[in-house]
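This report describes selected parts of a predicted model.

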Amino acid sequence: MAKISKKMKSKAENVLSLLDTIYPTEDKCYLNHSNAYELLIATMLSAQCTDDRVNMVTAELFKKYTSLEAFAKADLKELERDIHSTGFYHNKAKNIIAASNQLINEYNGEMPSGIDELTALAGVGRKTANVVRTHIFHIPSIVVDTHVKRISNKLGFVKSDDPVKIEFELMEIFPEDHWGRYNTQIIAHGRTICKARKPDCENCLLNKECDEYNKQK
């Protein structure tokens with residue numbers, strides 16, 4: 001990893017300070033859940049799907065499947081129907097059943113906190129693992145979702161579409177105690193101001209720090 005320049009560090013401090021002026025500073029999870037396995041499953045469902053849609057689906061899903069064991073024993077075709085509207089339902093259903101069985105057989109139904117153990121679960125990549133680590137175990141992590149990837153590139157913090165590369169680069173740029181906060185605030189910013197289809201650049205508090213905006217001026 002290349003050494004982070006003083007200019008980049010200063011820019012990161014400015015961005016974090018600006019974000020703090022309008023967004024909450026506590027970590028927030030946008031996926032509804034009441035325990036670790038529900039968050040894991042909700043995050044698996046969120047791949048290529050909005051959090052709002054996932055929350056609509058899990059509101060009924062978690063009433064129907066009330067335990068990890070229930071997911072482990074679920075009928076594949078029935079679970080596919082239950083999660084159909086989240087997209088990619090075949091792979092998601094297969095992975096939910098497989099991961100649930102792994103948790104029961106390998107961890108006695110307890111959620112592991114290690115990144116290697118989590119990513120060894122069926123269908124669990126670093127994003128899903130880091131969501132669980134952040135919101136269940138309160139382990140500082142960078143979660144690279146579509147908002148974090150897109151806006152971090154626009155701001156000039158990274159120049160990559162690779163979520164893993166982005167994750168490690170952002171970990172170098174930002175102090176560890178701001179990793180979760182950056183996730184939460186950038187997601188909020190992406191939903192309200194810096195929308196993918198129609199960003200409100202003129203009214204964006206980050207526009208002076210945004211490489212993409214300043215290139216267009």
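## A buried serine in a loop

Ser141 has a relative accessible area of 3% and is therefore buried, the cut-off for that class being under 20%. Its place in the chain is the loop between α8 (126-135) and α9 (146-155). A polar atom of the Ser141 side chain lies 3.0 Å from the backbone oxygen of Ile139. When neighbours within four places in sequence are left aside, the residues in contact with Ser141 are Asn130, Arg133, Thr134, Trp179, Gly180 and Asn183.

Lys11 belongs to helix α1, which covers residues 6-22. With a relative accessibility of 12%, Lys11 counts as buried, because that value is under 20%. Its side chain makes a polar contact of 2.8 Å with the side chain of Asp211.

## Helix α3

Helix α3 comprises 14 residues, 51-64, and the distance from its first C-alpha to its last is 20 Å, close to the 20 Å expected at 1.5 Å a residue.

Not counting residues up to four places away in sequence, Leu79 touches Leu61, Tyr65, Phe71, Ala74, Ala93, Ile96 and Ile97.

## Salt bridges between helices

How many salt bridges are counted in the model? The count comes to 9. In one of them, Lys64 pairs with Asp82, and the closest N and O atoms are 3.0 Å apart. Because Lys64 lies in helix α3 and Asp82 in helix α5, this pair ties together parts that are 18 residues apart in sequence. Both ends are partly exposed, Lys64 at 41% relative accessibility and Asp82 with a relative accessible area of 26%. These two residues and Glu78 are linked in a network of salt bridges.

The side chains of Glu167 and Arg126 meet in another salt bridge, at 2.7 Å from N to O. Since Glu167 lies in helix α10 (residues 163-173) and Arg126 in helix α8, the pair ties together parts 41 residues apart in sequence. Glu167 counts as buried at 4% relative accessibility, whereas Arg126, at 26%, counts as partly exposed. A further salt bridge joins the side chains of Lys154 and Glu212, with a distance of 3.1 Å from N to O. Here too the pair links distant parts of the chain, with Lys154 in helix α9 and Glu212 in helix α12 (residues 211-216), 58 residues apart. Lys154 is buried at 11% relative accessibility, while Glu212 is partly exposed, with a relative accessible area of 36%.

## Positive phi in two loops

Most residues other than glycine have a negative phi. Gln48, in the loop between α2 and α3, has a positive phi near 60°. Its relative accessible area is 69%, which means that Gln48 is exposed, the cut-off being over 50%.

Phe88, in the loop between α5 and α6, likewise has a positive phi, near 50°. At 56% relative accessibility, Phe88 counts as exposed.

Note on methods
Residues are numbered from 1 along each chain as its sequence is written. This is a predicted model: local features need pLDDT of at least 70, side-chain atom pairs count only at pLDDT 80 or more; totals for chains, interfaces and linings use all residues. Side-chain values use heavy atoms; hydrogens and water are left out. Helices (H or I, at least four residues) and strands (E, at least two) are DSSP runs, numbered from the N terminus. The expected span of a helix is 1.5 Å times one less than its number of residues. Buried means under 20% relative accessible area, exposed over 50%, partly exposed in between (1.4 Å probe, protein chains only). A polar contact is a pair of N or O atoms within 3.5 Å; within protein, one must be able to donate a hydrogen and the other to accept it, and residues adjacent in sequence count only if both atoms are side-chain atoms. Contact means heavy atoms within 4.5 Å. A salt bridge is a side-chain nitrogen of Lys or Arg within 4 Å of a carboxyl oxygen of Asp or Glu.
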